[in-house]
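Here is a walk through one model, told as questions and answers. Each answer sets a value against the rule that applies.

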Amino acid sequence: MEATIRRIACVASKTSAARERLAVLEERYPLVPIDEADALVALGGDGFMLRTVHEFLDRGLPIYGMNCGTIGFLLNQFNPDNLIERINAAQEHLLNPLAMTATTIGGERVSALAFNEVAMLRTSQQSAHIRLFINGRKRLDNLVCDGIMVATPAGSTAYNLSAHGPIIPLGSNVMALTPICPFRPRRWNGALLPNTADVEFDILWPGIRPVSATADFLEVRDVAHILVHEDRTHPARILFAPDHSLEERIFNEQFIH
């Protein structure tokens with residue numbers, strides 16, 4: 001990192017583990033308010049880290065997460081020793097989110113950012129029927145499925161992987177288009193798209209076969225049309241210890257048995 005980080009703020013999830021570790025840092029370091037900080041330390045799990053990224057995105061602070069949860073894919077190991085030095089030695093990754101614009105059957109338009117994925121899911125017992133466009137060109141006339149998602153490289157190991165989507169290395173400039181339990185066409189398992197693509201979804205018969213759209217934590221019910229593209233104007237600055245980089249984690253995920 002180019003600029004030297006001297007002042008750190010810290011936020012923690014409500015779990016007992018995170019609160020106990022926050023108390024340890026408060027005893028050892030002169031933590032400052034977020035408005036005065038050069039960097040932000042987040043104590044929690046992956047979900048809390050993702051919420052922290054969203055909440056403080058406009059501040060432009062680098063975020064160094066320390067795991068107080070289970071998997072901790074976006075987090076470093078908790079270590080209270082030499083924290084300022086380790087933050088300054090960390091590698092910074094810029095994560096570009098997806099921008100979603102969802103239009104409901106009532107005409108309401110909702111915009112949101114997603115650092116993991118934008119997903120569409122059926123909300124009734126009936127399958128969703130979705131028409132797919134890439135850069136304005138129709139690619140699938142009627143995808144019959146439980147849902148479909150667009151995932152970033154950082155999010156490719158999350159819900160996307162659970163839906164049998166591909167793991168995407170950082171810096172590959174692609175995003176995953178992954179169906180969820182597709183029924184028709186039977187042999188379509190998704191696609192890799194350039195990160196410059198505009199992806200559009202028309203929900204067919206949305207009043208009869210309702211679908212929701214989610215962008216990370218935000219859910220929009222009864223959608224009729226969804227537009228998704230990569231947003232390069234709101235990158236998140238995530239810090240990783242040199243021996244625990246995000247690229248290495250994504251690489252390792254491809255060899256887990």
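Q: What makes a space a cavity here?
A: A cavity is a set of grid points where a 1.4 Å probe fits but cannot get out. The model is predicted, and it holds 1 cavity of 30 Å³ or more.

Q: How much space lies in the largest cavity?
A: About 60 Å³.

Q: Which residues line the largest cavity?
A: The lining is made of Leu 50, Val 53, Leu 74, Leu 95, Phe 115, Asn 116, Ala 154, Ala 236 and Ile 238. Helix 2 and strand 17 (236-240) are the elements that give two or more residues to it. By class, the lining has 8 nonpolar, 1 polar and no charged residues.

Q: Why is Ser 13 called buried?
A: Buried means under 20% relative accessible area. Ser 13 has 10% relative accessibility, so it counts as buried.

Q: Where is Ser 13, and which residues does it touch?
A: Ser 13 sits in the loop between strand 1 (8-12) and helix 1 (16-28). Residues up to four places away in sequence aside, it touches Ala 18, Arg 19, Leu 43, Gly 44 and Phe 48.

Q: What about Cys 145?
A: Cys 145 is in no disulfide. Its nearest cysteine sulfur belongs to Cys 181, 8.9 Å away. Cys 145 has 1% relative accessibility, so it is buried. By the 2.5 Å rule, the count comes to 0 disulfides.

Q: What makes a set of residues a nonpolar core?
A: Its members are buried residues of the nonpolar kinds, joined through side-chain atoms within 4.5 Å. The largest such core has 32 residues. Met 100, Leu 177, Val 199, Phe 201 and Ile 226 touch the most other members. Strand 8 (residues 128-134) gives the largest share, 4 residues.

Q: Which residues is Phe 201 in contact with?
A: Neighbours within four places in sequence aside, its contacts include Met 120, Ile 130, Leu 132, Leu 177 and Ile 226. Arg 131 and His 225 are also among them.

Q: Which residues does the second, separate core include?
A: This core of 25 residues includes Leu 61, Phe 115, Ala 154 and Ile 167.

Q: What makes a space a pocket, and how much space lies in the largest pocket?
A: A pocket is an open set of points, with protein on both sides within 12 Å along at least five of seven lines. The largest pocket has about 280 Å³ of space. Among its 17 lining residues, Leu 94, Asn 96, Pro 153, Leu 170 and Gly 171 lie nearest its centre. Strand 4 (residues 91-95) gives the most, with 3 residues. The lining divides into 7 nonpolar, 7 polar and 3 charged.

Q: Which residues lie nearest the centre of the second largest pocket?
A: They are Asp 46, Ile 71, Phe 73, Thr 157 and Ala 158, out of 11 lining residues. About 210 Å³ of space lies in this pocket. Helix 2 (residues 46-55) brings the largest share of the lining, 3 residues. By class, the lining has 6 nonpolar, 3 polar and 2 charged residues.

How values were computed:
Residues are numbered from 1 along each chain as its sequence is written. This is a predicted model: local features need pLDDT of at least 70, side-chain atom pairs count only at pLDDT 80 or more; totals for chains, interfaces and linings use all residues. Side-chain values use heavy atoms; hydrogens and water are left out. Buried means under 20% relative accessible area, exposed over 50%, partly exposed in between (1.4 Å probe, protein chains only). Contact means heavy atoms within 4.5 Å. On a 1 Å grid over the protein atoms alone, a cavity is a set of points where a 1.4 Å probe fits but cannot get out, and a pocket is an open set with protein on both sides within 12 Å along at least five of seven lines; lining residues have an atom within 4 Å of a point. Grid points are joined across faces, edges and corners, and a volume is the space filled by probe spheres set on the points. Ala, Val, Leu, Ile, Met, Phe, Trp, Tyr, Cys and Pro count as nonpolar, Asp, Glu, Lys and Arg as charged, and the others, Gly among them, as polar.
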